[in-house]
Each structure stands twice: as C-alpha cells, then as structure tokens.
Amino acid sequence: MGARCRFQPISRCSTEGRSNQTVAADLDGTLLVSRSAFPYFMLVALEAGSLLRALVLLVSVPFVYFIYLFISESVAINTFIFISLAGLKLRDIEMVARSVLPKFYAEDVHPQTWKVFNSFGKRYIITANPRVLVEPFVKNFLGADKVLGTELEVTKSGRATGFVQKPGVLVGEHKREAIVREFGADLPDLGLGDRETDHDFMSICKVRCYFSFMIPPLEGYMVPRTTCEPLPRNKLLSPAIFHEGRLVQRPTPLVVLLTFLWMPIGIILSILRVYTNIVLPERIARYNYKLLGIKLTVKGIPPPPPKKGHPGVLFICNHRTVLDPVVTAVALGRKISCVTYSISKFSELISPIKAVALTREREKDAANIKALLEEGDLVICPEGTTCREPFLLRFSALFAELTDRIVPIAINTKQSVYYGTTVRGHKWLDPYFVFMNPMPTYEITFLNQLPMELTCKGGKSPFEVANYIQRVLAGTLGFECTNLTRKDKYSAIAGTDGRVTSSKKEKEQKKD
C-alpha cells in the first residue's frame, strides 16, 4: 500500500523540464509551512459567524487535537467544519474566503515547495480543507488550475449544514480516489505531501517527493519544517493588496486566546482614547496621546496657520485609517477640516474636527472644497479609501484644480492586534478598533509645499500634479504606486463598486 512507501525529500525534486507536466500537491504542511488549518477555520467563524462561534471553536481545540492525534484526522477536521461553518450562508463563507483568508495564506507559503510547484505547467491542489475556503487563494496567488477538496453540504436556502458531501473529508484513500476520478489513467507526474495520510495519493503519481520527519525517506533526505521561513509575499504570482477582517496576526490558538483576553481591556482603553480627546484642544491632545499609550511621531516642518482673510493650506495625504485627518490635526496642533468619501453619521458626530462627506458630484464637491479652504486648512485623502498594505492607490486629480497651496503628508501606521478599517463590517466601529490596539502608532511626515511650477497655476495638468504627489509620498514611505482605485478595492472585497448610496436615493430606486 501507499502507506508503506518511502519517498524522497522535496529537496531532491528537480524543477527542470516541468512545464509540460502535472503536479498534485497537498496544502497544509506541504505548500503551506503550518500543518494546522485552525487559523483559517477561526477566521471564517469570526468574520462570517460571530464572536461566540469563534470562542466555541477556541474552546474545542484541545478536544479536536486529541481526536486528531489518537482517533481520526477525518473526524477532527469534520468537527472543525461543523463548529466553524454550520448555519452560515455559503455566500458569506465565499466572501471571507475571497477577502480575508488570502492574506494569511500568503504569509505562510513554503518556499521550497512553491519553487517545485511553480515549475509545473499544470498544478492541482488536493486537500482535506473545504474547497470553497482554499480555491480563491490557490488559483489567484499560486496559479493552481483546480482544487480537489472537501465539499460542503449546503441546504436549498444556501446555508452550510456543517456536514460534508460524500465521500467525506479528503483524507487517505479518499484523496487517492479523488485523483483517480479527476485524472483517470493519465495520472499526475508528481505528488507532494507531508504526512502519512498523503501516501495513498502520492503512491499512484509517476514520481513521489516526500517532506516529513515521520517516515525516513530514501537515502535519509528530509527538509526540517521547524527552521523554514515562509516565502516573502512579493514572490507570489500576485500581491495581496486588498484584504478584509479585523485580526492583524495569524490566529493560532495562542494568538486567539491572547486577543480575546485583551479585548475587554482594549475596549475600555479605546473608549478612553476616543472620548477624552474629543473635548481637548489639539495641542493638549498630543500629550494625552502619550498618557494613553498612543505613539505619534511627527517629522518635517508643518506650515504655519493661515493668516486671517487668507485661504488655508490643502494637505494631501495617503489614507491608512479613518483617523488620519484627526491625527494630522493633533500633529499640527490646531483645528483643521477634512473631506471624506464615506463616513458614518456616528463617526461624523464624534469627530473632533469638521468632517464633510463628498457627494461624488464634481461641481458640488469642488465648491465645498473651495468653501472649506476659505475657512482654513483642509485635509484630503485623494485615494478615496484606505489601503492596509504598502501600496498607494490612484489619486483623484480634483484637488489639484482648486488651489496652488498644496502640502503633501506621508502617513504610516502600525496596528498590532486589530485592523481599524473595514469594507463589509460596521464602519462606525473603525476608530474604536484602531484605539483597541495596545499601542497604536502613527508616523506623520510633513513634506515641503509644492513649488508653483509643479501646480496647475504653473502649467501642469491636474493629473500630472496628482501623479507627482503620489510618487513623492510613495518614495517617502517606501510604498509602491498603483493605478488601482476605490472601485477595484470594493469589487475585490465586497463585489460592489464602492459607491455610498444615500437613503433618499435608495428609496427612489426602489420606487422605480
């Protein structure tokens, strides 16, 4: 049987002449460094389910690991699937698989296995994980042609039952049978696995490569898993620029436990950080930041406040969190205004600075921006939405037409536990999640005001001005410029165009 086979280590696999061949690879422990799928079940339980479901999943870990080690791998995976997915809408599961999981998968790719896998012309994944969770990542980032995975049982109303379709979880013989059903007599040229239950499908491939400590491979070759560093994310076929979810770190059982233990403390701290700074003048708020553990680093020389009767300066900054304009005001030590593409009524209500929502009607927005500049300094984030990764989205050029007093601001942030941005979640909670981190960190860099010759008044087009500022900010931060837009982000994460429709317009559309 395949289980008694001895396989060569993956370090012995040649990548030469593989472009016309087919590879079938396991996922956890093989293409991924980690052997445990728990973090991905946890992310689905939390993001598509609820905090209570995630807590139940965490409590079940010792029980499930005991089953895995001493009873059955299949039963253990079935238990995780039931707790994580039972009752959830398939649409929500697919959304999390597309918008949340890829970032964490991308941080855990095994470099040696990826080198081998990437050398093949046709690439297949054979995994015990639910296919729906794995497919978006392996197809878009690893170039897999198809995923052979466990299929979920779904009701007519589109909800997961928590059980799986026959033949069950793809483990052991079921993996072998899935390979035979898919390929028939023309079996894959190479099989990659990491544990004894992979032997069944690996033994029918034309060449076998093994990667484990469990069974000594031929000639004693093996790759030690414990010393392996994941592949840098920029080495994958495409970068994970857009992603959703509140958790920053990969949710291993220990990380999840610490995150949940910190949550009550974080909530109290967040409320203090938000509401004590609302009433304080910006100059004093900076000292309050230090007192409450908010790290604010200011570089460069900010311009002085405008003289009475003179228009204010237009600050152009990249967009990292909803608090960017507020923190900029604290860094300046004075009141400013800001315009934003979308802000909840609650966030607008508690904002310590004046916040005006753009209508996306060009003439109306231009008039609003000019009026605000007459009142004083103004902050605009021309990307139109936040970006968590070191990339800058395309800058809208509207601002460049309205003034020649433009000061770029480079903003960088560090959030260690929770992300303070969301597309699908409750946006009004964004400021609280930022301040729930133990030490939220902001670095504000004031650059020099644009010289007259680089503005529209100096003969440049609005697009030239916007693109120049984007490049300057990217160079300052060490980020990469892109042509991606707010629409691209919302399409990737939520399947929408990112437009915010007013309730009045919604009612009119329903009537039509």
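Biologist: Which helices each supply at least two residues of the nonpolar patch?
Modeller: This is a predicted model. In it, α11 (253-278) and α14 (345-350) each supply at least two residues of that patch.

Biologist: Which residues form the patch, and what is their accessible area together?
Modeller: The patch on the surface is formed by I267, I271, Y275, F346, L349 and W428. Together they have about 570 Å² of accessible area.

Biologist: Where does the largest share come from?
Modeller: From α11, with 3 residues.

Biologist: Take F346. Where is its place, and why does F346 count as partly exposed?
Modeller: F346 sits in helix α14. Its relative accessibility is 32%, so F346 counts as partly exposed; that class lies between the 20% limit for buried and the 50% limit for exposed.

Biologist: And S351, where does that lie? Buried or exposed?
Modeller: S351 is in the loop between α14 and β12 (354-357). S351 counts as buried because its relative accessibility is 19%, and the cut-off for buried is under 20%.

Biologist: What does the S351 side chain reach?
Modeller: The backbone oxygen of I353, at 2.8 Å.

Biologist: Changing topic: how many residues of helix α8 are buried?
Modeller: 7 of the 10 residues in α8 (residues 131-140) are buried, so the helix is largely enclosed by the rest of the structure.

Biologist: Which ones are buried in α8?
Modeller: V132, L133, V134, E135, P136, F137 and V138.

Methods:
Residues are numbered from 1 along each chain as its sequence is written. This is a predicted model: local features need pLDDT of at least 70, side-chain atom pairs count only at pLDDT 80 or more; totals for chains, interfaces and linings use all residues. Side-chain values use heavy atoms; hydrogens and water are left out. Buried means under 20% relative accessible area, exposed over 50%, partly exposed in between (1.4 Å probe, protein chains only). Helices (H or I, at least four residues) and strands (E, at least two) are DSSP runs, numbered from the N terminus. Patches are made of residues with over 30% relative accessible area and no salt bridge: like charges are joined within 9 Å, nonpolar side chains (Val, Leu, Ile, Met, Phe, Trp, Tyr) within 5 Å. Accessible areas come from the Shrake-Rupley method with a 1.4 Å probe; for residues, only the protein chains shown count as cover. A salt bridge is a side-chain nitrogen of Lys or Arg within 4 Å of a carboxyl oxygen of Asp or Glu. A polar contact is a pair of N or O atoms within 3.5 Å; within protein, one must be able to donate a hydrogen and the other to accept it, and residues adjacent in sequence count only if both atoms are side-chain atoms.
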